[in-house]
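Please read these notes with the model open beside you.

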Amino acid sequence: MMQQYLRIKAQHPDHLLFYRMGDFYELFYADAERGARLLNLTLTARGASAGAPIPMAGVPVVSVEQYLARLVKLGESVAICEQIGDPAMSNGPVERQVVRIVTPGTLTDTTLLNPKADAALAAVALVAARRGQSARAGVAWLVLASGDLRATEVPASALAQELARIEPAEILVAESAREAVPPAACAACIHALHDWHFDAALGEQRLRELLQVSHLAAFGIEGRGAALAACAALLGYAEQTQKQRLNHVTTLRFETESDMIGLDPATRRNLELTEALHDPSGPCLLSVLDHCRTGMGSRRLRLWLGEPVRDRSRAQERHQVIETLHAQQAEIMRAALAKLPDLDRIASRIALKSARPRELVALRDALGSIAQIQANAAALEAPLASRFAADLLLPGALGEELEQSLLPEPAVSPRDGDVMRGGYDAELDELRSLRDHAGQFLMELESRERARTGIPNLRVEYNRVHGFYIEVTHGQADKVPDDYRRRQTLKNAERYITPELKSFEDRALSAQERARSRERQLYEGLLANLLGHVGPMLRAADAIASLDALAALAEHAFQAGWVRPLLVAEPGIRIEGARHPVVERSLEVYVPNDCRLDPGRRMLIVTGPNMGGKSTFMRSVALIALLAYCGSFVPASSARIGPIDRILTRIGASDDVARGASTFMVEMTEAAAILNAAGEESLVLMDEIGRGTSTFDGLALAGAIAHELALRNRCLTLFATHYFELTQLAQRLPQVANVHVAAAETNGKVVFLHQVREGPASQSYGLAVAALAGVPGTVLRRARNLLVELERRATASADQPDLFDAAPADSAPPATLEPMQDPIHERLTQLDAEQLTPRAALDLVFELIELARSRNAGGLAE
């Protein structure tokens, strides 16, 4: 047996091998030690190898799924080795083989999957830069639980953005390109394969075989070498882990950059689309909108929020469905949706021949609700809803097959028996009858034999040693018929067997196992019969997912007072009464604001105090634009939004200790990415750029970046800053305007009005905000004194130069003089006389004397 184990383990050296032995999956050697550590199992020993005990640990078969779930969360891969032979027919170890490999990216079991998120397997193939062409990255990804296969090609520099959008659970990459996968993707399990797996010709061949086509032109991937290479590794790995063809993968979608609005990782993080920025369990856009009644709908909504479409017509079709879904209709549809199982995952498991009986029963019981949803969708006056209704028409044979074959409440597994309905198969019915009615048969046989032989005390009985027998006392032995064969002699009786009883014994003793074996055969045949319905089921699941997501968006729109946005071809954004979709949920009174950006007003310089609402205002504009192109209604009084190709943000302060990047370095890296990517149809949010360095450096950089965005990039920009010098840009460039968030100060206390008004702010209210934060009074008094002094110096100096009236970038910088510093003056301005003790005052006198002498000595030397 251990020789068999070692042979199988040698084929799967990188996986934990769960080796089936009776009612347990066992692990041996290093796997046992590792599994015991990861799963907190008891580590034992069994037998010996080279004189040393063999480490061993195991998990029960009945609870293996919970252990697999824990291992998958830790990024482990597990090979499941099952007993496929009959122990009774085997002279040596029972035949075993690996039937599937469980990895983070190839999960199909509902107990291992998050119902609200997909677990995608992705493959990345890199093509080096060539003459006239930059380096390219091909990405292919597959959601095995739904059969959704996609691919794309992007510049290698945009790989991190693509992986952030896809959010794969596992990434396949060539060994030679392992370092090319960006660190941001490290949340996924990364698996390096030999380079030969990433072959474009092999990818083309595998796709043609999978999709059953002679060429790939219709799928848009023909000639895309990097994407085809990624497909080769992806499909090979998926088929290897499932040990079969992927029959439920019937199409491929090749995505291009023009299909959706670009969102880089920083933007996804800053806008808090699927996770709150500072608290992963806090509210985010997805958690606020996710009123879906099915896991399919939640996953579809998550996909839409991460991939807003550029095509206005697609978004408008979704708007129309939401508009026609009146509150009552939406509630009726949502009640039917709540009764549905995870249809696409069930269909995929049918295709992979791993669906459980209770999943099929859930499918059978859901067909009535699907028919009701189909009728509701057909009644909606929207073209998209009509297409959904057509996809929801399932073949009647599907319901008939399930109804005729399965018990109302079957066992968990076909291995347990009691899955198939009575009357479905005559052989199974007979075996069950033997199993369940042996006692009745024996009573009838006993009655018949008594009548035939005239032996009144004849008994038909059973024991585990001799099986079934007819017992006759010695006094009645002369009446025994010739067809009785002696089986056992006792002191007072003889036990016999007859041909009829022997035949019954052979059938009855094996009836239970034979019934289970027959049920397994019938169940496998049922899954084979259902394969033809997998395509319609997946189309229905796709329609249900979209309808559920749209019904959830409709419900939220009705409850929160959202409006349908107007998507137009003219560039610009005009929003009246904009609100932040997440923040408004936590406030009793939300102050809405207007925003206008157009070709003549491309940049708004936003000034005002901290906590005044600058960041919330900017985020609300970006989220409204994103929601509009996702197909949702928006939190505003009205919204008119033109074309948008990217949403780019630089918000908040954070460092990246792991990569050795300071707060300012992260800030400049994100700013550089925006300057290189933003175009005329991009929406850019810049929040307090330049604050991570010295005042003059930060001001100079912020001014130069704002100038570049306004003149060269010409993107739609919201630029929040505390550098009031930047407001001068509006006087130089007609496409730049100033706005501010209003606040008022009363008795030294600031009141935030949260209103965005035209023009620059008059002051920053920094000290008032510090007081609200609980800064000690001594610090505030000293700060106030320093502020008066700084303002006095600024007033006494020459007029402040215009920041945007500087020499061109390619001219020599003007010479500057360092201002003379007076150490005695600086030391005195730092003092707080109220806190000075007599001893400290004496020490200060000596310190000032030394400073004066040093200054005089320095002056003589010069």
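The numbered points below cover sheets, salt bridges, single residues and a surface patch.

1. Basis of the note. This is a predicted model, in which local features need pLDDT of at least 70 and side-chain atom pairs count only at pLDDT 80 or more, while totals for chains, interfaces and linings use all residues. Residues are numbered from 1 along each chain as its sequence is written, and side-chain values use heavy atoms, with hydrogens and water left out.

2. An open sheet is formed by 7 strands in the order 13-23-24-25-21-26-27, with mixed pairing. Strand 13 (262–263) and strand 27 (749–758) stand at the edges with a single partner strand each, so one side of each has no neighbour in the sheet. Strands and helices here are DSSP runs numbered from the N terminus (strands are E, at least two residues; helices are H or I, at least four). Two strands count as paired if DSSP finds at least two bridges between them.

3. Strand 25 and its partners. Which strands pair with strand 25 in the parallel sense? One is strand 21 (residues 603–607), over 4 bridges, where Leu604 stands opposite Leu718 of strand 25. Another is strand 24 (residues 682–687), joined to strand 25 by 5 bridges; here Met686 stands opposite Phe719. Strand 21 is also joined to strand 26 (residues 736–746) by 5 bridges, again running parallel, and Val606 has Val739 as its bridge partner in strand 26.

4. Cover on strand 25. Is strand 25 (residues 716–720) mostly covered or mostly open? Covered: 5 of its 5 residues are buried, where buried means under 20% relative accessible area, exposed means over 50%, and partly exposed is in between (1.4 Å probe, protein chains only). In a regular strand the side chains alternate between the two faces of the sheet. Leu716, Leu718 and Ala720 are buried on one side of strand 25, and Thr717 and Phe719 are buried on the other.

5. The crossover. Strand 24, helix 23 (residues 695–713) and strand 25 make up a right-handed β-α-β unit. Right-handed means that, with the strands pointing away from the viewer, the path from the first strand over the helix to the second runs clockwise.

6. Strand 19 (residues 573–578) and strand 22 (residues 638–641) pair in the antiparallel sense over 4 bridges, and Ile575 stands opposite Ala639 of strand 22.

7. Salt bridges. The whole structure has 53 salt bridges; the term means a side-chain nitrogen of Lys or Arg within 4 Å of a carboxyl oxygen of Asp or Glu. One of them joins Arg269 and Glu670 (3.2 Å, N to O). Arg269 lies in helix 7 (residues 265–270) and Glu670 in helix 22 (residues 663–677), so this pair ties together parts that are 401 residues apart in sequence. Arg269 is partly exposed at 38% relative accessible area, whereas Glu670 is buried at 13%.

8. Glu584 and Arg579 meet in a salt bridge (2.6 Å, N to O); Glu584 is buried at 14% and Arg579 is buried at 13%. Glu255 and Arg253 also meet in a salt bridge (3.8 Å, N to O), with Glu255 buried at 1% and Arg253 partly exposed at 31%. Glu255 and Arg253 belong to a salt-bridge network that also includes Asp148, Arg150, Glu162, Arg165 and Glu307.

9. Two buried residues. Gly147 sits in the loop between strand 8 (136–143) and strand 9 (148–155) and is buried at 8%. Apart from neighbours within four places in sequence, Gly147 is in contact (heavy atoms within 4.5 Å) with Leu142, His248, Val249 and Ser348. Ser546, in helix 20 (residues 534–560), is buried at 5%. Residues up to four places away aside, Ser546 touches Arg300, Trp304 and Phe388.

10. A surface patch. Leu842, Val845, Phe846 and Ile849 make a nonpolar surface patch of about 360 Å². Patch residues have over 30% relative accessible area and no salt bridge; like charges are joined within 9 Å and nonpolar side chains (Val, Leu, Ile, Met, Phe, Trp, Tyr) within 5 Å. Areas come from the Shrake-Rupley method with a 1.4 Å probe, and for residues only the protein chains shown count as cover. Ile849 belongs to helix 28 (residues 838–861) and is partly exposed at 37%.
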